[in-house]
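Thanks for coming. I will go through one structure, starting with its rings and then moving to a helix, a loop and the sheet.

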Amino acid sequence: MEGNGVRREHRVVVTGMGVLAPNGNNLGEFWDSLIEGRSGLGIATSFDVTDLPVKTVAELKNFDPRNYMDFKEAKRMARFSQVGVAAAKMAIDQSGIELAKEDRTRIGCELGTGIGGFKEISEEIEAFALRGERGPDRISPFFVPRVIPNMASCQIAIQFGLEGPNNTDTTACAASTQALGNAYRVLQRGDADVMLAGGAEANLCRFGLASFAAMKVLSTQSEDPIKASRPFDAHRDGFVPGEGAGMLVLETLEHARGRGAEIYGEIIGFAVTDDAFHIVMPEEDGDGPARAMSKALEDAHIGPRDVDYINAHGTSTQLNDKSETAAIKRVMGERAKQIPISSTKSMIGHLLGAAGAVEAIACILSINHGIVHPTINLEHPDPDCDLDYVPNEPRRHEIQVAMSNSFGFGGQNACIVLKRFDNNQN
């Protein structure tokens, strides 16, 4: 506390990042793929899609949990927890933080996931039905603690001994952006010194793909699967589901400086809103997302003229891309057409609850490299989506401030504002 009972707000910086994406199993591979416009999409290989109307997904390639954790421990985790732990390990390693020397009661975890262990639930139910009378006796005692959504954040805490605040956000596709924002608030208040924050999702399976396909929200493009995700393109026909994880080490500036950490960026604003409109459809005028973006700018104490780049939610569905375009115009006004915008989902598909964290990492990498990655497959401009989406080729561009948008089913909207770190600023 400062004088008169006013709580001091701490600055929050990024000191480590870890990512597992369909187009890269580490930070370097991921960034190289983004800049080269390399897609991670393809026909599903981990399960049979012969009879399904949708066949294109965004799978992780050659992920082996044993590279990141004990095999026995990994067997007790659902896949979404495995990828979350793996991304957290990479983030911790990059940050250089020596956990053994830290007060671990001051280090926590905040993680977003859309549907937890949905894959394992569907597979176990199918196996249960096939077991007949012996079914109940064959259920593993580890089944429930494998699949509940909070297990990825708890497994990260267990694996790395993090005894501070621990929370799981399940706000659909806005989940990991909300997790980053909530961790930001924890650190701002001084309730922790360090937070592992991000998202994890790994639910590609027959039942899941069929379920999303029934909603008519997925791309049915399978002849040329790398072109299936086409954000803002007039020929877009739905999103491509994917799997992966992104985790960030967030610290108060005082703590990061105290240990001599390299700082990759700073969080300066965050906001959430809800459309209160429909369980899956966005409002065409983009009112809810626009309010989230406006409030995030207000929280950051900046205006539209200060935003140099927007990482769009950009799902490749007809409704989302039009709605998000309208929202950006409402918030940015005349500035809207001057800001480079790109959709990471054009190359990695939609990682659902993990999407926002992976896209925030893309923003930080863009800030540090001075390059905006392209929106690939944007070949037929949609008149309703008439902003600068950096089509098909990367662009050199100085970025001081980036905004990342995430919108989820139920009308959940989250927006986070990231800034280049200025070491000379007090």
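There are 4 aromatic pairs in this structure. A pair here means rings of Phe, Tyr or Trp, taking the six-membered ring for Trp, with centres within 6.5 Å; planes under 30 degrees apart count as stacked, over 60 as edge-to-face, and the rest as tilted. One of the pairs is Phe63 with Tyr68, which is stacked, at 5.8 Å centre to centre and 20° between the planes. Both Phe63 and Tyr68 are buried, where buried means under 20% relative accessible area, exposed means over 50%, and partly exposed is in between, with a 1.4 Å probe and protein chains only.

Another stacked pair is Phe232 with Tyr389, at 3.9 Å centre to centre and 10° between the planes. Phe232 sits in the loop between α8 (206–214) and β7 (244–252), and Tyr389 in the loop between β11 (371–372) and β12 (395–396), so this pair ties together parts 157 residues apart in sequence. Helices (H or I, at least four residues) and strands (E, at least two) are DSSP runs, numbered from the N terminus. Phe232 counts as buried because its relative accessibility is 1%, and Tyr389 counts as buried at 3%.

A caution on the source: this is a predicted model, in which local features need pLDDT of at least 70 and side-chain atom pairs count only at pLDDT 80 or more, while totals for chains, interfaces and linings use all residues. Residues are numbered from 1 along each chain as its sequence is written, and side-chain values use heavy atoms, with hydrogens and water left out.

Next, the helix α10. Buried residues in α10 include Gly288, Met293 and Leu297. Their cover includes β8 (265–274), α11 (318–332), β13 (401–408) and β14 (412–419), counting contact as heavy atoms within 4.5 Å. Just after α10, His301 takes a positive phi of about 60°.

Now a loop residue. Thr317 lies between β9 (309–311) and α11, and at 16% relative accessibility Thr317 counts as buried. A polar atom of the Thr317 side chain lies 3.2 Å from the backbone nitrogen of Asn320. Leaving aside neighbours within four places in sequence, Thr317 is in contact with Val217, Arg236, Gly238 and Phe239.

Last, the sheet. It is open, with 10 strands in the order β5-β4-β6-β7-β1-β8-β14-β13-β9-β10 and mixed pairing; two strands pair if DSSP finds at least two bridges between them. β5 (166–169) and β10 (341–342) are at the edges with a single partner strand each, so one side of each has no neighbour in the sheet.

How many of the residues of β7 are buried? The count is 9 of 9. Gly244, Gly246, Leu248, Leu250 and Thr252 point one way, and Ala245, Met247, Val249 and Glu251 the other way. β7 pairs antiparallel with β1 (residues 12–20) over 8 bridges, and there Val12 is the bridge partner of Thr252. β6 (residues 194–201) also runs antiparallel to β7, joined by 8 bridges, with Ala200 partnered to Ala245. By contrast, β9 and β10 run parallel, with 2 bridges, and Ile310 has Ile341 as its partner in β10.

Technical notes. A polar contact is a pair of N or O atoms within 3.5 Å; within protein, one must be able to donate a hydrogen and the other to accept it, and residues adjacent in sequence count only if both atoms are side-chain atoms.
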